[in-house]
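This report goes through one protein chain by topic, from a single side chain to the confidence of the whole model.

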Amino acid sequence: MIDFLRPMLVLALVISGVLCATGAPAQEFRTPLAITGATVVLAPGESVEHATILIKDGRIAAVGAEVAIPDIAERFDATGLIAYAGFTDGATHLGIEAKGPSDDEMARLRDKERAFSEGPHTAMEQANRQEIWPHLTLFDLYKQNDDALKAHRAKMEDIEAFLRESQHYARAHGVPGAELTTDVRLAAMAPCVRGEKPVFFRADSYKAILQSLAFADTFGLKPIILGGGEAWKCAQLLAEKKVPVIVTSVFREAAGKYDRFDAFYTNPARLEQAGVLFSIASDGTQFARQLPLHAGYAVAYGLSPGAGLRAITIDAAKILGVDGQIGSLEAGKIADVIITTGDPLQANTRTIGMFMAGKPVELSSLHERSYERFSKRPAPPLSPVGELRGPKPMRAAPAAPARAD
């Protein structure tokens, strides 16, 4: 099945356990902002102490230890704290809605169903401008009987026919001066079949990943593996083919009968060792706030700390082709910044401040507001409570002190 989705990504910033989508940079901010005194992590492994981040018009204007701050700039003192780039979740469905007229696979394939983003465009969409990214799921064959084989072959033939039609459409529309009818779905596939734009292949198992790679080779597609639960089993092949992987979960039990219990925990570390470009994602709106914890668990099971941070910042942006705009704190990039008390991959780290596209964000949560509201309620009137009279409850006798002989 092929779905056409806007990029399955929301720039994310973690605030006290709550994840917020990054909004698009405003066209202009009247007052520049300056975050001063922080240890600024420009990129994993590269930091500047007692540094300043100067933000203008939603982007980072300058960053470093010696940055001239305009007199009109609004200052935020972050002395003793650490500044990181906002996180990138490459598989959340936050803000995405898919429309389709029926459950029939062919209708899904042929109909002009489109996915669109609710509300304001995300910062990534502003940065990337690629309207639709194809997301392809090849059908697994679970039962080895005649009916299952026929059904599987029919579904695969539909996908293959659509791709051949896309190739023909791309060739025809590549002829200068040709007057042809525009098909939205085929037009979206044209840069993919030309190898200019990647295609997401949803594949978790070893077999599904190999099938996806073979399919991509057959049609000249540029694959990105989405899921990649057993990517470690073919890490060398992925590295050789330079195929990126978006690992959509670390918190899972091993699926294989003979796999170790920590197979998913160690998956990112094994990809790192093989030289595979990968990122870590949450694969669901309800799990997006756990994104740094997924990376933290991977680090606990062998992934290097630097790679763990890159997997949710610059490497995630690189896989999605937007690393020129997001993923690190560099001049010219969108000013998505979080201010923390320590390593964001540690569960005990607190997020003190957040800036989305250069705009300060209020960090109070529903939990905090509810606590503030209900803790101030007056005590309710209660009936007098009597006392139970009788022997004291039985208690264990205190241990006798040790004798000093």
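Is Phe215 buried or exposed? Phe215 is buried, at a relative accessible area of 6%; buried stands for under 20% relative accessible area, exposed for over 50%, and partly exposed for what lies in between, computed with a 1.4 Å probe on protein chains only.

## Basis of the values

The model is predicted, so local features need pLDDT of at least 70 and side-chain atom pairs count only at pLDDT 80 or more, while totals for chains, interfaces and linings use all residues. Residues are numbered from 1 along each chain as its sequence is written, and side-chain values use heavy atoms, with hydrogens and water left out.

## Overall make-up and confidence

The chain has 11 helices and 19 strands. Both are DSSP runs numbered from the N terminus: helices are H or I with at least four residues, strands are E with at least two. Of the 405 residues in the chain, 46% are buried. A contact means heavy atoms within 4.5 Å. Among contacts between residues at least 6 apart in sequence, 66% join residues at least 24 apart.

The predictor's confidence in each residue is given as pLDDT, from 0 to 100. Its average over the chain is 80, and 78% of the residues score at least 70. Helix H6 (residues 235-241) has the highest confidence, at 97, and strand E11 (residues 115-117) the lowest, at a mean of 29. The pLDDT is below 50 over residues 4-27, a stretch with 112 contacts in the model beyond near neighbours in sequence. Residues 96-121 also stay under 50, and the model has 58 contacts for them beyond four places in sequence. Where pLDDT is low, the predicted coordinates should not be read in detail.

## Aromatic pairs and a charge over a ring

Rings of Phe, Tyr and Trp (its six-membered ring) pair if their centres lie within 6.5 Å; planes under 30 degrees apart count as stacked, over 60 as edge-to-face and the rest as tilted. By this rule there are six aromatic pairs. One of them is edge-to-face and joins Phe201 to Phe215, at 6.3 Å centre to centre and 65° between the planes. Phe201 belongs to strand E13 (residues 199-203) and Phe215 to helix H5 (residues 206-219), so the pair ties together parts that are 14 residues apart in sequence. Phe201 is buried as well, with a relative accessible area of 0%.

Tyr265 and Tyr301 form a tilted pair, because their ring centres are 4.8 Å apart and their planes are at 40°. Tyr265 is in helix H7 (residues 263-274) and Tyr301 in the loop between H8 and helix H9 (305-310), so this pair ties together parts that are 36 residues apart in sequence. Tyr265 counts as buried at 18% relative accessibility, whereas Tyr301 is partly exposed at 29%. Ring pairs link Phe251, Tyr265, Tyr297 and Tyr301 into a cluster. Arg270 lies over the face of Trp232, at 4.2 Å from the ring centre; the rule for a charge over a ring asks for NZ of Lys or CZ of Arg within 6 Å of the ring centre and within 35 degrees of the ring normal.

Helix H3 (residues 146-173) packs against helix H4 (residues 184-193) at an angle of about 85°, with the axes 8 Å apart. Axes are lines fitted to C-alpha atoms, for helices over the stretch in contact, and angles run from 0 to 180 degrees between N-to-C directions. H3 and H4 are therefore roughly perpendicular to each other; that class covers 65 to 115 degrees, with under 35 roughly parallel, over 145 roughly antiparallel and the rest oblique. On the H3 side the residues in contact include Phe162, Leu163 and Tyr169, and on the H4 side they include Leu186, Met189 and Val193.

In helix H8 (residues 291-300) the buried residues are Leu291, Pro292, His294, Ala295, Gly296 and Ala298. After H8 comes Gly302, with a positive phi near 110°.

Thr52 is in strand E5 (residues 46-56) and is buried, with a relative accessible area of 9%. Leaving out residues up to four places away in sequence, Thr52 touches Ala34, Ile35, Thr36, Ala62, Val63, Gly64, Val67 and Ile69.

Asp57 has a positive phi near 50° without being glycine. Asp57 lies in the loop between E5 and strand E6 (59-64) and is partly exposed, at 38% relative accessibility. Lys242, also not a glycine, has a positive phi of about 55°. Lys242 sits in the loop between H6 and strand E15 (245-247) and counts as exposed, at 73% relative accessibility.
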